[in-house]
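Subject: Structure handover

Hello,

Here is the structure you are taking over. Please open it before reading the notes that follow.

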Amino acid sequence: MQPTEKTVAGPAGSSRSSSRKRWDTTDLSLVAVFAALIAALAIVPGIPVGPLGVPITLQTLGVMLAGVVLGPARGTAAVLLYLVAGLIGLPVFSGFSGGFGVLAGPSAGYLVAFPLAALVAGLLAVVIIRRATRFRAALLFLACLAASLLTIHPLGVAGLMVNAGLPLRDAILIDAAYLPGDVLKNILAALLAVSVHRAFPRLLSRRA
């Protein structure tokens, strides 16, 4: 009888485990809410910087929040949903723009980097929330900053070089103007994320 019991329990346990990994309506709702949040932050008028006029916007705040609050999978999904909405023509990008034409503009590299930034920030946030009990705000800030420096800025520079025809040095100089604003937005994202995870301590652990 024992082998039969193990055989029955095994698939049942596997089924329960796989069912826990599926997204439920709460997960899908969070993805949609954060996609809408990024779109709402993009509507806030940006500050044009440099000769190309690529603005400083609050989009990256929403991207980082999606990553460090929802984790890598749902955070990336929220950013991808936002990008898809914009690319199909909805005016959810900065300046109420939308459509595939934005991929030919100087800010294309930054947009393409958004899902990767949410993924990196989310992966680091999972480790921090699971293992760190102190200095979470500082660690989450470093996670956001690392995601920004590893994805958004390099791809942003690449976009400036490809679509604006700038040499590497000029593209880096233009991109550097966005660093102080990114630092402030990353600090705010970390503080907000700490408050959210304090209120909902299982938000990451249930799906990460």
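To start with, which backbone oxygen lies 2.6 Å from a polar atom of the side chain of Thr 76? It is the backbone oxygen of Pro 72. For reference, a polar contact is a pair of N or O atoms within 3.5 Å; within protein, one must be able to donate a hydrogen and the other to accept it, and residues adjacent in sequence count only if both atoms are side-chain atoms.

This is a predicted model, in which local features need pLDDT of at least 70 and side-chain atom pairs count only at pLDDT 80 or more, while totals for chains, interfaces and linings use all residues. Residues are numbered from 1 along each chain as its sequence is written, and side-chain values use heavy atoms, with hydrogens and water left out.

Overall, the protein has 8 helices and 2 strands (DSSP runs numbered from the N terminus: helices are H or I with at least four residues, strands are E with at least two). From the N terminus, the order is α-α-β-β-α-α-α-α-α-α. Of the 208 residues, 41% count as buried (buried is under 20% relative accessible area, exposed over 50%, partly exposed in between, with a 1.4 Å probe and protein chains only).

Thr 76 belongs to helix α4, residues 72-87. Thr 76 counts as buried because its relative accessibility is 14%. Leaving aside residues up to four places away in sequence, Thr 76 touches Gly 71, Pro 115, Ala 118 and Leu 119 (contact means heavy atoms within 4.5 Å).

On the surface, Met 161, Val 162, Leu 168 and Ile 172 form a nonpolar patch with about 370 Å² of accessible area together. Accessible areas come from the Shrake-Rupley method with a 1.4 Å probe; for residues, only the protein chains shown count as cover. Helices α6 (136-164) and α7 (168-176) each supply at least two residues of this patch. Val 162, in α6, counts as exposed because its relative accessibility is 66%.

Regards

Terms used: Patches are made of residues with over 30% relative accessible area and no salt bridge: like charges are joined within 9 Å, nonpolar side chains (Val, Leu, Ile, Met, Phe, Trp, Tyr) within 5 Å. A salt bridge is a side-chain nitrogen of Lys or Arg within 4 Å of a carboxyl oxygen of Asp or Glu.
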